[in-house]
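Subject: Handover of a protein structure

Dear colleague,

Please find below the structure that I am handing over to you. I would ask you to keep it open while you read the notes that come after it.

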Amino acid sequence: MNKHYYITTPIYYINDVPHIGHAYTTCAADVMARYKRTCGYEVFFLTGVDEHGQKAQKSALEQGIQPRELADRMLPRFVDLWKLLSITNTGFIRTTDAAHRKVVQYLFEKIYKKGDIYLGEYEDWYCVPCEGYFTELQLKGGNCPDCGRGVERLKEESYFFGMSRYGEPLLRYLEEHKEFVMPEVRHNEVASFVKGGLHDLSISRTTFDWGIPVPGNPRHVVYVWFDALVNYLTGVGFLSDMELFEKFWPCDAHLIGKDILRFHAVYWPSFLMAAELPLPKQVFAHGWWTVEGRKMSKSLHNVVDPVEMANTYGVDEFRFFLFREVPFGLDGDFSRDAIVARINGDLANDYGNLVSRSVNMIGKFLAGKLDSPGPSGGTDSHLIERTQALLAEYQKEMDAFGFYKALNAVFDLTGLVNKYIDTEAPWKLAKEDPARLSTVLYNIWNGVRICTLLLYPFMPSKTASAWRALGINRDIEKAAFDEERVFYHAGDLSPIDKIAPLFPRREG
Ligand code: MSP
């Protein structure tokens with residue numbers, strides 16, 4: 001196989017339990033990974049956890065345990081959630097892995113030797129209870145913007161990364177690669193930030209010790225974002241399996257939330273340029289979910305738990321909702337009413353009903369066995385041509401993370417096939433024109449099969465059931481987009497019969 005695709009999610013902090021935001025990015029990466037596989041790509045899909053840093057150390061301290069123990073306790077929450085949500089990641093990284101420490105230290109040293117990392121002094125306003133530095137601008141009325149208490153001027157020895165040198169080359173790169181940061185509005189945001197001038201960046205800390213020691217000066221630990229970003233190299237074999245690394249690097253897409261854009265689109269490419277490594281092809285930043293119009297936060301007790309969502313509404317239904325409800329890239333609002341409306345509307349009424357009525361008719365009128373089509377007429381070629389046009393639209397959108405528009409194309413297709421059924425009325429043909437009936441049911445079967453194929457990346461399990469109900473013996477996970485996109489007559493089908501509703505209607 002010579003088509004490769006490498007996609008990543010952020011690595012998640014382990015001091016918090018996973019919520020809808022974490023599930024969102026990871027499901028998006030999974031949708032893309034599954035889609036690319038059907039298009040014949042060998043996919044490397046990396047996710048993981050970010051274990052180091054002051055926040056993790058503080059959380060552990062509050063619970064009276066070591067940070068490593070906190071990470072070990074929290075890890076299953078993430079691993080189990082990904083299993084529950086049918087995530088097909090091929091790599092999983094913990095930043096406490098020995099292989100990762102080696103890569104971080106190697107790169108730190110390489111950049112240091114090159115002269116782009118130097119030892120200096122960091123000075124700013126420091127809040128002791130929050131253990132954080134703030135700039136003059138960030139202070140509120142001269143006090144800590146987080147807790148409101150007094151701050152003091154503090155100086156600390158620190159290693160700095162000479163990011164100011166990378167402003168020009170980065171700007172050039174952004175201009176030459178418009179697709180590097182997506183959506184476009186984020187690209188513009190990054191470009192204007194870089195135009196404003198880049199400052200050198202403090203990349204070590206001495207005020208806590210939960211991190212990777214700076215090579216040759218273990219009083220310092222490496223700044224958590226340098227440590228975290230490097231996971232994208234470690235996770236794909238850098239230094240440990242260079243064959244794997246050469247195959248998949250540069251990364252095709254880093255999926256992230258908009259809040260961590262600057263780290264990925266400014267810091268990360270600068271680090272890579274300094275390390276003389278190729279830059280990723282794309283950073284795609286998605287929007288944020290609010291909950292019933294309000295910001296999601298622990299203090300408002302409105303944090304959406306993906307485990308509860310999957311258990312209440314179904315894994316596939318939850319995954320589908322995330323991408324059907326809101327254009328990927330924009331902010332969106334979550335509510336239980338909205339998810340129920342999607343289940344009853346798009347899934348039960350449109351797609352689910354289409355599958356049931358189609359297989360029912362094939363069962364009832366053709367004794368479950370699809371015939372070869374006879375001559376086609378105008379309505380048939382209209383169906384086939386429109387299907388091909390919608391397929392092309394779907395593919396164009398999927399390739400650009402346009403999940404929302406891709407799903408619009410799918411529901412145009414379900415509408416088209418439902419309408420074809422109504423106008424062709426197979427129940428009448430069953431009495432009046434059996435030859436025509438075969439052709440019509442052949443077209444319907446193909447239309448439903450293609451809808452199912454297109455929905456597969458979003459709903460891997462429900463579409464697998466529909467695939468079987470259509471009599472197809474091959475696994476939908478192994479379906480090849482290019483073979484399945486055409487109308488064909490399959491001779492090796494299992495008998496087609498009724499199925500129980502794929503998406504039972506919900507009251508609430
Ligand atoms: N550890 C860093 C990432 C390092 S990557 C090299 C981190 N971790 S995190 O656990 O805080 O990541 C959370 C992810 O969830 C981010 O991509 C963030 O955008 C996303 N979300 C957090 N809240 C969210 C919403 N309310 N809605 C959508 N996504 C949100 O950052």
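The notes below go from the whole protein to its parts.

This is a predicted model, in which local features need pLDDT of at least 70 and side-chain atom pairs count only at pLDDT 80 or more, while totals for chains, interfaces and linings use all residues. Residues are numbered from 1 along each chain as its sequence is written, and side-chain values use heavy atoms, with hydrogens and water left out.

The whole protein

The secondary structure comes to 19 helices and 15 strands. Here helices (H or I, at least four residues) and strands (E, at least two) are DSSP runs, numbered from the N terminus. Along the principal axes, the C-alpha atoms fill a box of roughly 90 × 45 × 40 Å. Of the 508 residues in the protein, 56% are buried. Buried means under 20% relative accessible area, exposed means over 50%, and partly exposed lies in between, with a 1.4 Å probe and protein chains only. Among contacts (heavy atoms within 4.5 Å) with a separation of 6 or more, 77% join residues 24 or more positions apart.

The protein is divided into domain 1 (4-287) and domain 2 (336-484); these bounds come from an automatic or database domain assignment. To the contact of the two, domain 1 gives 15 residues and domain 2 gives 15 residues. The centres of domain 1 and domain 2, taken over C-alpha atoms, are separated by 42 Å.

Two pairs of packed helices

Two packed helices are described by the angle between their axes and the distance between the axes. The axes are lines fitted to C-alpha atoms, for helices over the stretch in contact, and the angles run from 0 to 180 degrees between N-to-C directions.

Helix α5 (residues 167-176) packs against helix α6 (residues 184-195) at about 155°, and their axes are 10 Å apart. The two helices are therefore roughly antiparallel. Angles over 145 degrees count as roughly antiparallel, under 35 as roughly parallel, 65 to 115 as roughly perpendicular and the rest as oblique. The crossing of α5 and α6 is left-handed, a term used if the near helix is turned anticlockwise from the far one by less than a right angle, with right-handed used if clockwise. On the α5 side the contact is made by G167, L170, L171 and L174, which meet H187, V190, A191, V194 and K195 of α6. By class, this contact has six nonpolar, two polar and one charged residues. Ala, Val, Leu, Ile, Met, Phe, Trp, Tyr, Cys and Pro count as nonpolar, Asp, Glu, Lys and Arg as charged, and the others, Gly among them, as polar.

Helix α17 (residues 434-455) and α18 pack at about 160°, with axes 9 Å apart. That angle makes α17 and α18 roughly antiparallel, and their crossing is left-handed. R449, T452, L453 and L455 of α17 make the contact with T463, A466 and W467 of α18. In this contact there are four nonpolar, two polar and one charged residues. R468 also has its place in helix α18 (residues 460-469). Is R468 buried or exposed? R468 counts as exposed, at 56% relative accessibility. The C-alpha atom of R468 is separated by 8.3 Å from that of S494, 26 residues apart along the chain.

An enclosed helix

How many residues of helix α12 (residues 315-324) are buried? The number is 10 of the 10, so α12 is largely enclosed by the rest of the structure. The buried residues of α12 include D316, E317, R319 and R324 as well as F318, F320, F321 and F323.

Points in the backbone

Most residues other than glycine have a negative phi, and most peptide bonds are trans. M182 and P183 are joined by a cis peptide bond with omega of about -10°, and P183 is found in the loop between β7 (181-182) and α6. A cis bond also runs from W249 to P250, with omega near 5°; P250 is in the loop between α9 (242-248) and β12 (253-257).

E276 has a positive phi, near 60°. E276 lies in the loop between α10 (261-274) and β13 (283-286) and is exposed, with a relative accessible area of 55%. A425 has a positive phi, near 45°, and is placed in the loop between α15 (403-424) and α16 (426-432). At 5% relative accessibility, A425 counts as buried.

Yours sincerely
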